[in-house]
Amino acid sequence: MSVAAQLEEAARACAREGGALTELRRQVLGLILEAGAPLTAYQLLDRLKETRKGAVPPTVYRALDFLLARRLIHKVESLNAFVPCIGPAHDGHQAQFLICRSCGSVTEIADEAVARALGEAASRLGFRPSSALIEVSGACVQCVRGAAGGR
Ligand SMILES: [Zn+2]
Ligand SMILES: [Zn+2]
């Protein structure tokens, strides 16, 4: 799906939930979708400043908060950076991230079996999780192949 189509879908999802995907929010989401790699708030601010001279950190943080609340993006805590959500329904799924330490790519997997196993393990201990973010660091398939001699 093209970035433009993804933005249209996001705008519709926001309208359904109440809350408009304003021009600024759309722009920030567009930057995250186009990046193809996780972006920090300051990287977003730098890119935003190319078209919005008056952009300041709170401008970006407010837009990010909205996009996070609408589950259009995720925050990768260990990188302190933001990636688009792969879940087309933008349900409240738990996300797991595979973070490549050599090229910096982040791949989201939303594996229900992982989420369920974690939930069950927690509830056996009487623990009630409010959020669960799993970040796995390692090497992505391209980097593994590259290290093996490009085969
Ligand atoms: Zn997601
Ligand atoms: Zn890699």
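Student: How are residues numbered here, and what pLDDT do local features need?
Tutor: Residues are numbered from 1 along each chain as its sequence is written, and chains are lettered from A and ligands numbered from 1 in the order in which they are written. In this predicted model, local features need pLDDT of at least 70 and side-chain atom pairs count only at pLDDT 80 or more, while totals for chains, interfaces and linings use all residues.

Student: Which domains is the chain divided into?
Tutor: There are domain 1 (3–84) and domain 2 (96–147), with bounds from an automatic or database domain assignment. Their centres, taken over C-alpha atoms, are 23 Å apart.

Student: How many residues make the contact?
Tutor: Domain 1 gives 8 residues and domain 2 gives 8 residues; a contact requires C-beta atoms, placed from the backbone, within 7 Å.

Student: New topic: which way do β3 and β4 pair?
Tutor: Strand β3 (residues 96–100) and strand β4 (residues 106–109) pair in the antiparallel sense over 4 bridges. Strands are DSSP runs of E with at least two residues, and pairing needs at least two DSSP bridges. F97 has E108 of β4 as its bridge partner.

Student: And what about β5?
Tutor: Strand β5 (residues 134–138) runs parallel to β3, joined by 5 bridges. Q96 stands opposite I134 of β5.

Student: Where is the positive phi in the hairpin?
Tutor: G104 takes a positive phi near 85° in the hairpin of β3 and β4, which has 5 residues between the strands.

Methods: Two residues are in contact if their C-beta atoms, placed from the backbone, lie within 7 Å.
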